[in-house]
Amino acid sequence: METFLIRALQLIMSLSLLVIIHEGGHFLFARLFKTRVEKFCLFFDPWFTLFKFKPKNSETEYGIGWLPLGGYVKIAGMIDESMDTEQMKQPVQPWEFRAKPAWQRLLIMVGGVLFNFLLALFIYSMILFAWGDSYIPVQKAPLGMDFNETAKAVGFQDGDILLSADGVPFERYDGDMLTSVVDARQVTVLRNGQEVSVYIPDNMMDRLLADSVRFASFRYPFVIDSIAPGRPAALAGLLPGDSITQLNGRNISFFDFQEDMAQRRSEGSASHDITLTYVRKGVTDTLSLTTDSLYQIGTVAQMSTDKLLPVIHTQYSFLASFPAGVTLGVKTLKGYVGQMKYLFSKEGAKQLGGFGTIGSIFPATWDWHQFWYMTAFLSIILAFMNILPIPALDGGHVLFLIYEIVARRKPSDKFMEYAQMVGMFLLFGLLIWANFNDILRFFF
């Protein structure tokens, strides 16, 4: 329950900020061009509003709705989600949206998307200024990677060190690297000291999506941080700082060791004798020991993972953080747009998620670095999704405005009403499907 509440709070805080900034973009451009904004609402408010107020001498009412699916600004003289068709039947007033030149209306409509993208760039910049940038270079991982079953089926093996895709070297393990893998004809890995090519099938991404398990994860060396006295491991002579590399002659990582011992325990293995190969101060040695009746060797604490793999860290000054933040934001947008094509596949449609999926990307414990990183990422997504040329989204309005500028004639109000209804129908259908997928994943 605590994990759920922490993630839910992060999700609500993040979405609230993004909605306020998005609608604020529309609001500021509308006010810039002296267009009346009748209402500014965080969250939707069908039937009733949780809170509302209207400052003295203000044309705008501010409120908080009860349905956290977004928010809106009601701009006078515009066909939007409010579907206020009665207003459109009245004579045109100079403060209305429909009375403004097309280029002003265009800027009002792109204001939300623009502000979301600028917010993402600013957050990324401040993250780099406050925390810097840290990553593990995949080519330097000493034990390579553990791969899921789909990756193993096409030729990857646990312990492979990822080197390049179609000759382009890998730098870090992230979404861009995964895209490079699935789009490549072949991936080169280092296996037992030899470079080996793994050929990637055309349907690699569909297979990975169906697998629903992370493509690969780093193999962490088993380096002892502390050891319980008087137990088999200590009695056999293991010491803090020793790096265990083999169990019974087989190369292992920390998690391999845990899984092997658990398997012996579940199978009721008759033998309690094991042989460990370890490295101490650069010298490799071997020892034998006998586990207890539960196939345990005592409490052997693993060294903190951030000390086990090489980490490259770059710190940015305040001024240097802005171009770096812009680069990161543009890279994130390109990566997201590039992965959109998989949404239209059978497996991609199954992976579409609603608020449960969005909430799950936030950490289970409060972490400001991850909170702001995810908020920036969601701001990128919100900007891109809203600019899609779908009626009822900002991009739909932009599409019709571009048509008006090119054709020099406005679409009729009746057409705009029908387009708005069709768009809202499509969006609500998509929303229902995405959250239905969340429900299926939760129960099954």
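**Chatting through a predicted model**

Biologist: What should I know about the model itself?

Modeller: This is a predicted model, where local features need pLDDT of at least 70, side-chain atom pairs count only at pLDDT 80 or more, and totals for chains, interfaces and linings use all residues. Residues are numbered from 1 along each chain as its sequence is written, and side-chain values use heavy atoms, with hydrogens and water left out.

Biologist: In what order do the four strands of the open sheet run?

Modeller: The order is 8-7-9-10, with antiparallel pairing. Strand 8 (168–169) and strand 10 (194–199) are the edge strands, each pairing on one side only.

Biologist: How many bridges join strand 7 and strand 8?

Modeller: Two bridges, in the antiparallel sense. A165 has V168 in strand 8 as its bridge partner.

Biologist: Let's look at I161. Where does it lie?

Modeller: I161 lies in strand 7 (residues 161–165).

Biologist: Why does I161 count as buried?

Modeller: Because its relative accessible area is 12%, and buried means under 20%, exposed means over 50%, and partly exposed is in between (1.4 Å probe, protein chains only).

Biologist: Which residues does I161 touch?

Modeller: Leaving out residues up to four places away in sequence, I161 touches V138, Q139, A141, P142, G144, T188, V189 and L190. A contact means heavy atoms within 4.5 Å.

Biologist: New topic: where is G132?

Modeller: G132 is in the loop between helix 3 (102–131) and strand 5 (133–135). G132 counts as buried because its relative accessibility is 6%. Beyond residues up to four places away in sequence, G132 touches I127, H313, T314 and Q315. G132 and S317 are 185 residues apart in sequence, and their C-alpha atoms are 9.1 Å apart.

Biologist: And S16, buried or exposed?

Modeller: S16 is buried, at a relative accessible area of 13%. S16 belongs to helix 1 (residues 2–32), and it touches L42 and F43, not counting residues up to four places away in sequence.

Biologist: Let's zoom out. How many helices and strands does the chain have?

Modeller: The protein chain has 14 helices and 18 strands. Of its 444 residues, 43% count as buried.

Biologist: What about the overall dimensions?

Modeller: The C-alpha atoms fill a box of roughly 90 × 50 × 45 Å along the principal axes. The radius of gyration is 28 Å, while a compact globule of 444 residues would have one near 22 Å; the radius is taken over C-alpha atoms, and the globule rule is 2.2 Å times the number of residues to the power 0.38.

Notes:
Pairing = 2+ DSSP bridges.
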